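User: I have a structure to go through. Can you take a few questions on it?

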Amino acid sequence: MPAIEISGCTFTGFRYVKKDILDNNGKLKTNADPKGNLAEAIQIDVSHTGWTSAYRADDTPCKDIYIHDNIFYDYPAAIGNHHSLDEHHHNNIRITNNKISGTTSQNSGIKLFGADDSIVTGNV
């Protein structure tokens, strides 16, 4: 049984971050990404100090996630991550039977690395 399951959803209409976003204290919260190179509809990543200020950084990887039978359209990437941290790999990530079109990011519609015992199959 997965801890998190995402199924039967439609993800469409990505909006690019055209300028840096600051918090109420003037600190950088989100970097500008006008071309959408760093954007996924679903992000799977390790929360590590210095990589972002958007969440608590405690080196927690993702585990037991099942993403299946969704539709992704008009996003830079459908599903992916940006980082891999030694000794903190994601585990048991299953990405199956998703329909993906209109991606604009380099590489592919699905970018997953630093993941053990994981499956990516049947996605078109």
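Analyst: This is a predicted model, and the questions below cover its cysteines, core and strands.

User: How many disulfides are there?
Analyst: A search of the whole structure finds zero disulfides.

User: Changing topic. Which residues touch the most other members of the largest nonpolar core?
Analyst: That core has 16 residues, and the ones touching the most other members are Ile-42, Ile-44, Ile-67, Phe-72, Ile-79, Ile-93 and Ile-95.

User: Which strands supply at least two residues of this core?
Analyst: Strands S6 (63-68), S8 (77-80) and S9 (90-96) each do.

User: What does Phe-72 touch?
Analyst: Leaving out residues up to four places away in sequence, Phe-72 touches Phe-11, Ala-41, Ile-42, Ala-78, Ile-79, Asn-98, Lys-99, Ile-100 and Ser-101.

User: Back to S8. In which sense does S8 pair with S5, parallel or antiparallel?
Analyst: Parallel: S5, residues 40-43, and S8 pair over three bridges. Within that pairing, Glu-40 has Ala-77 of S8 as its bridge partner.

User: How many bridges join S8 to S11?
Analyst: Two, and S8 and S11 (residues 110-111) run parallel. Ile-79 has Ile-110 of S11 as its bridge partner.

Conventions:
Residues are numbered from 1 along each chain as its sequence is written. This is a predicted model: local features need pLDDT of at least 70, side-chain atom pairs count only at pLDDT 80 or more; totals for chains, interfaces and linings use all residues. Side-chain values use heavy atoms; hydrogens and water are left out. A disulfide is a pair of cysteine sulfur atoms within 2.5 Å. A nonpolar core is a set of buried Ala, Val, Leu, Ile, Met, Phe, Trp, Tyr and Cys residues joined through side-chain atoms within 4.5 Å. Buried means under 20% relative accessible area, exposed over 50%, partly exposed in between (1.4 Å probe, protein chains only). Helices (H or I, at least four residues) and strands (E, at least two) are DSSP runs, numbered from the N terminus. Contact means heavy atoms within 4.5 Å. Two strands pair if DSSP finds at least two bridges between them.
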